[in-house]
Structures are given as C-alpha cells and as structure tokens.
Amino acid sequence: MIYDEAYEIFRKSSKTFYYASKLFPKRVRDDVALLYAFVRTIDDLVDVPEPKVDDFYRAWELTLRALEGERTGIWYIDAFADLSRRRGFEVEHIEAFMSSMEMDLYIREYQTFEELLRYIYGSAEVIGVFMAKIMGLSEDSYESAMKLGRAYQFINMVRDIGEDLKLGRVYMPKEDLERFGVECFCSSPEFREFIRFQVRRFFKMIRDAEHGYRYIPKRYLIPIKTASDLYKWAAKKIYRAPELVLRSGVKPSRLRSISYGLLNAVIIWI
C-alpha cells in the first residue's frame, strides 16, 4: 500500500528518474520510490503559486519527531523515517534538505552562483548521498554522488525557467543575467547565449561527477548512467534551441528512456 502510493507519486512527477529507476533491483527501487515520494511531497508544499507554509513547518516538525521514533500517522513521513534509520541517513542532511525547501518560501531570486549552490546543496546534493546510502556504496562515493545531484538539479533549473517564472521565481543567478546583458526572459541573442553558457556549465558539472562511476557496481550503474544520459539529451536539445526553456519542459519519452536503458545495459555488461 505504501509502496503503491510512493510509486504513484514517482510516476506522475518525474519521467527521467522514474523510468531510469526501473532498472534498479527491486530492493533498491522500492527505497528510491519512498525517498522520491518524501522529497516530492515536501517540495509540493512550497513549490506552488500559494505555498502551504503552515503545512510545510508541520511536516518538518513531524519528520524530526518520526526520526526519533514517533509514529506520526502520515505515511510518507513515517516511511521516510523508517528508510532513514535502515539506510543510515544523517539528520544534518535531512535538515539541510528541509532548509532548502524553506528557502523556496522566501527567496525569489539568487544574486550569485555561490548563493544558488547553497540552495542546491540541500535540495539535491544531500539527495545524492541518500541515493549512495540506499545503494550501499562506500563513503568514497559520496563526493561524486553530491556532484551528480548538483548537476541534475542545475539542468532541471535551466530546463524549467519558464515554469519557475510562473511561480515568480528565478533560480538563474542575477550576476550571470547581467553579465550576458539579458534584459528579459524572451527570445534574444543575449538570452540564447546566456542559456548556452548555463548548459556548458552543466556539462562541466556532470563530466566531473561521472568520475564517481567507478564506485558504482554494474547492476546499479545502468539506471544511474541512463538518468545522466537522459539529462544530457535534454541539455543538448536546449543548447540547440534555448527558447525551449520558456515553454513546456524538455522531457524524455518513455520509449527514449527505455532505449537508453537497454543501450546502457549492453554497453556496461559487455
């Protein structure tokens, strides 16, 4: 029942991760679904036109109580607390995640890239560590896992510029917008060059993160590499046509996700 609800949230909310995660062994896949259900549900409290501020702080309080062993009666919180204990998640990482979600309540724009990285740490890099712990990887892998989370989150932000504008939020650093002379989020030579700069920044991030593949067993590397390849596919589309970020998000089809997964299975196991 809990897993059914977790998978339903997962399926509806993330094409890239949902299809890629199907390549994990069931034991890992189930835990990934629980993790995703928790972070997505919390994110949905703050990442909406009218954030549910009281509900968010209540969920934060209940999460901390659940981590101490209390049953809250809220399935996604209790399931995440159980998962945290089983997999050894650090409370400070969970607090970092909630702190970044809190930033979405009060921060509408970021002045510098360094400021944005502070948000990405809690919203994505710690999720990379959670994933490494779910897969049972060594601590040596954590730095690369955080870098991979950073890269995924960053290209998500580039891809979803148009959607975030509807929420009155701009993740792209103001210093970069000024540097490229971008005066509006609209089709212009300055905007296109700005987006291409961000896509090149993403490719640098993910190349750096992929050095950590050496820590991942083959049976787990297939879905991880597939997710990375799907993000790189989206990034290339955006690089060719930067205005895509102003419209609906560039997201892979089910067929593309499956074909990338099969290709990686062949490449990795040969």
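## Basis

The model is predicted, so local features need pLDDT of at least 70 and side-chain atom pairs count only at pLDDT 80 or more, while totals for chains, interfaces and linings use all residues. Residues are numbered from 1 along each chain as its sequence is written, and side-chain values use heavy atoms, with hydrogens and water left out.

## Helix 11

Helix 11 covers residues 189-209, helices being DSSP runs of H or I with at least four residues, numbered from the N terminus. Its 21 residues should span 30 Å, the expected span being 1.5 Å times one less than the number of residues, and the end C-alpha atoms are 30 Å apart, which agrees.

## Aromatic rings

Rings of Phe, Tyr and Trp (its six-membered ring) pair if their centres lie within 6.5 Å, with planes under 30 degrees apart counted as stacked, over 60 as edge-to-face and the rest as tilted; the count comes to 22 aromatic pairs. Phe-56 and Tyr-57 form an edge-to-face pair, 5.1 Å centre to centre with 65° between the planes; Phe-56 is buried at 0% relative accessible area, whereas Tyr-57 is partly exposed at 28%. Ring pairs also link Phe-38, Trp-75, Tyr-76, Phe-80, Phe-89, Phe-97 and Phe-130 into a cluster.

## Charges over rings

A charge sits over a ring if NZ of Lys or CZ of Arg is within 6 Å of the ring centre and within 35 degrees of the ring normal. Arg-179 lies over the face of Phe-197 at 4.7 Å from the ring centre, and the charged end of Arg-219 sits over the ring of Tyr-220, 4.5 Å from its centre.

Note on methods. Helix = DSSP H or I, 4+ residues; strand = E, 2+ residues; numbered from the N terminus. Buried < 20%, exposed > 50% of the residue type's maximum accessible area, 1.4 Å probe, protein only.
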